[in-house]
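Please open the model in a viewer and keep the sequence at hand. The stops below are given in the order of selection.

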Amino acid sequence: MTDADVPNNLLPVTCPVCGESQNTMVGGFDPNGLPVGTVNCMVCRYAFERDTYIRALEIRRQEFESLIGPGVL
């Protein structure tokens with residue numbers, strides 16, 4: 001897999017165990033940009049269940065959408 005194969009809206013999600021946002025993904029992505037394989041925390045190796053990962057990804061996307069750049073009021 002190359003960087004070109006990774007969806008543009010893919011963001012790291014926060015681990016519910018250790019609080020880090022560093023994920024590993026085994027396998028590719030489905031047409032909706034979601035991982036088809038396992039998603040794990042790089043720090044504590046927590047294995048996300050699919051529903052837990054999707055909820056965490058939605059929260060992370062909302063957080064990123066609410067950010068504003070410097071000088072923007």
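Select Asp30 to begin: at 19% relative accessibility, this residue counts as buried, where buried means under 20% relative accessible area, exposed over 50% and partly exposed in between (1.4 Å probe, protein chains only). The model is a predicted one, in which local features need pLDDT of at least 70 and side-chain atom pairs count only at pLDDT 80 or more, while totals for chains, interfaces and linings use all residues. Residues are numbered from 1 along each chain as its sequence is written, and side-chain values use heavy atoms, with hydrogens and water left out.

Asp30 lies in the loop between β1 (23–25) and β2 (39–41); strands (E, at least two residues) are DSSP runs, numbered from the N terminus. Next, display Val36 and Arg50, which Asp30 touches when residues up to four places away in sequence are not counted; contact means heavy atoms within 4.5 Å. The side chains of Asp30 and Arg50 make a polar contact (3.4 Å), that is, a pair of N or O atoms within 3.5 Å, one able to donate a hydrogen and the other to accept it; residues adjacent in sequence count only if both atoms are side-chain atoms.

Now select the three strands, which form an open antiparallel sheet in the order β1-β2-β3. β1 and β3 (47–48) stand at the edges with a single partner strand each, so one side of each is left without a neighbour in the sheet. Two bridges join β2 to β3; strands pair if DSSP finds at least two bridges between them. Val39 has Phe48 in β3 as its bridge partner.

Finally, select Pro16, in the segment before β1. Pro16 is exposed, at 54% relative accessible area, and touches Tyr46 and Phe48, not counting residues up to four places away in sequence.

Notes:
Helix = DSSP H or I, 4+ residues; strand = E, 2+ residues; numbered from the N terminus.
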